[in-house]
Amino acid sequence: MIEIKNLVKHYGDKKAVNDISFTVKDNEILGFLGPNGAGKTTTMNIITGYLSSTSGTVKINGHDILEEPALAKKDIGYLPEQPPLYLDMTVEEYLKFMCDLKQVPKKEHKKHIEMITDMVGISAVTGRLIGNLSKGFKQRVGLAQALVGDPPILILDEPTVGLDPNQIIGIRKLIKNLSKNHSIIVSSHILSEIQEIADRVVIINHGKVAAVDTIMDLSQRLSGTAKVLMSFSGPAKDVSARLKMIPGIADVYVRNAGNPGEVEITLAPRAGSDVRANVFFMMAKSGWPILEFRSLNPSLEEVFLSITAG
Amino acid sequence: MQAIFKREFLSYFRTPVGYVAMAIFTFISGFIFYSQFATGYVSMSVEIIMLRSLFIIIVPIITMGMFAEDRKRGTEILYYTNPIELFSVVTGKFLAAMALYLVMFINVFIHMIVVAACGGTVDAGVIGSVLVFFFMAALFISIGLLASVLTDSQIISAIVSFLFILVIQLLTVIGNYCGTAVSTIMSYMDIASDTRNAVRNAIAGAISWFDPFAKTELFSNGLFSVSALVFCLSFALFFLYLSFRILEKKRWSQK
């Protein structure tokens with residue numbers, strides 16, 4: 001569990017991190033989002049002990065990162081934006097070195113490294129120099145070093161950068177699997193990725209927390225009441241006029257669906273109204289068959305843009 | 001610390017750095033030994049004392065990348081985010097450089113064996129010279145390490161440690177020069193010559209007090225002084241501690 005309370009970091013006059021507080025529960029994946037320069041990397045660097053905060057506290061499984069650094073750091077695996085790799089070492093030498101740093105007992109090194117290299121798919125390159133590996137393999141070696149020592153908390157800054165689509169899917173699955181017994185913070189610019197794997201998201205903007213919630217709740221909160229998309233067969237003008245008469249509908253937007261005889265409209269209900277049943281019965285009574293009918297929740301991308309705009 | 005020591009020591013042999021340093025040291029020591037051997041009289045103390053002049057070249061080569069390289073490739077973060085003490089990182093790197101010097105010095109040990117086998121003497125003076133060599137190596141390596149902590153550029157790090165070591169090697173000369181300069185200025189102020197000489201000697205003495213070469217010059221005669229060794233060791237520890245504090249401070253930086 002990670003508890004972050006009132007975290008502040010000054011860089012000269014600038015507040016890079018301004019009173020950030022949030023918690024990551026056990027076995028949870030938290031998506032950490034924000035535009036460039038919002039303070040994501042600074043926050044992650046403070047959580048992992050690389051930087052110290054100006055004020056505020058970070059507790060890793062109950063251990064304060066500044067007061068009990070050794071205990072706190074033992075529980076963290078960190079993959080920074082630029083993987084910390086020694087290019088003059090082979091993958092195996094590097095992971096052995098990481099085992100020493102993480103205080104993994106010597107006799108467990110071999111088995112532990114085999115397990116991790118299998119997990120991230122780098123078993124075939126363990127004997128190769130890191131400097132000679134492709135960007136994708138280097139990224140996976142970086143991920144492997146974060147897993148050394150089996151820390152219960154993983155902090156991953158852009159874990160899928162440089163990977164091909166198959167590898168991205170593999171790493172997403174791995175992160176999902178790891179979440180069964182790890183707390184994970186994942187920062188990524190690929191919002192669809194966060195939407196797919198994260199249980200909750202924290203969006204920060206200008207160093208402040210702009211939103212903390214599940215993606216579903218954020219979407220609903222942002223949209224008020226979800227819009228409804230409907231396509232049907234019938235006269236667009238008449239249908240639109242009848243729909244506007246239904247209580248709870250604020251607005252109706254008509255657009256051509258592309259298929260002949262098919263019209264697509266978007267209904268914007270008033271806050272707190274669920275108009276779907278009334279719309280269905282009105283359409284059925286009028287003899288206008290509904291071809292498609294679904295709620296439109298904003299995507300994470302729309303939520304992100306809305307929260308971070310300006 | 002053991003992990004850092006092992007990685008750093010082996011890294012000297014994964015890159016040309018260790019080989020270049022060893023090649024320079026081996027060639028020069030071999031040349032000095034051969035030159036003496038040809039005359040029929042070999043003094044190992046002379047060889048070891050002459051080899052001390054290589055500190056100014058070898059120390060910057062082996063220390064310039066110690067922390068500067070870590071910052072460049074982003075591996076510095078490992079020292080801060082893993083459960084290890086920052087001072088053990090500094091110590092591990094320092095001991096790795098010392099170990100490289102020990103490996104380089106094997107060549108000189110072989111020369112000693114040859115001298116002993118040929119009926120020459122390896123006496124207390126030689127042991128004293130070896131002792132001084134390693135204490136000075138510790139002092140200069142700690143200076144090189146500090147220079148590497150201070151800058152992100154390996155070149156600047158090498159230049160800083162080169163200049164620092166150069167100044168230390170010339171401390172007695174610098175002391176005399178400063179004393180004379182102050183004395184000359186005082187002569188324009190019509191200050192009595194006795195006072196001028198006293199001031200000159202005081203300045204020269206104060207500056208040359210920091211000269212480790214002057215402090216240890218009797219070791220090669222077999223006259224050991226614990227205070228001279230403590231001097232080198234305490235300054236080495238001071239520079240290592242300073243390096244540690246600077247690294248620690250970077251974490252708290254607000255720039």
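**Reading helix H10(B)**

Me: What span should helix H10 of chain B have, and what do its end C-alpha atoms give?
Reply: The expected span is 1.5 Å times one less than the number of residues. Helix H10 of chain B (residues 171-188) has 18 residues, so it should span 26 Å, and its end C-alpha atoms agree, being 26 Å apart. Helices here are DSSP runs of H or I with at least four residues, strands are E runs of at least two, and both are numbered from the N terminus.

Me: Is this model predicted, and how is it numbered?Reply: It is a predicted model: local features need pLDDT of at least 70, side-chain atom pairs count only at pLDDT 80 or more, and totals for chains, interfaces and linings use all residues. Residues are numbered from 1 along each chain as its sequence is written, while chains are lettered from A and ligands numbered from 1 in the order in which they are written.

Me: Which residues of H10(B) are buried?
Reply: Count the other C-beta atoms (placed from the backbone) within 10 Å of a residue's own: 20 or more is buried, 12 or fewer exposed, in between partly exposed. In H10(B), that makes Gly175(B), Gly179(B) and Ser183(B) buried. They cover an arc of only 65° around the axis, so they sit on the same side of H10(B); the arc is that of the directions from the helix axis to the C-beta atoms. Ala181(B), Thr184(B), Ile185(B) and Tyr188(B), on the other side, are exposed.

Me: What comes just after H10(B)?
Reply: Asp190(B), with a positive phi of about 60°.

Me: How many helices and strands does chain A have?
Reply: Chain A has 11 helices and 14 strands. Its C-alpha trace spans about 75 × 45 × 30 Å along the principal axes.
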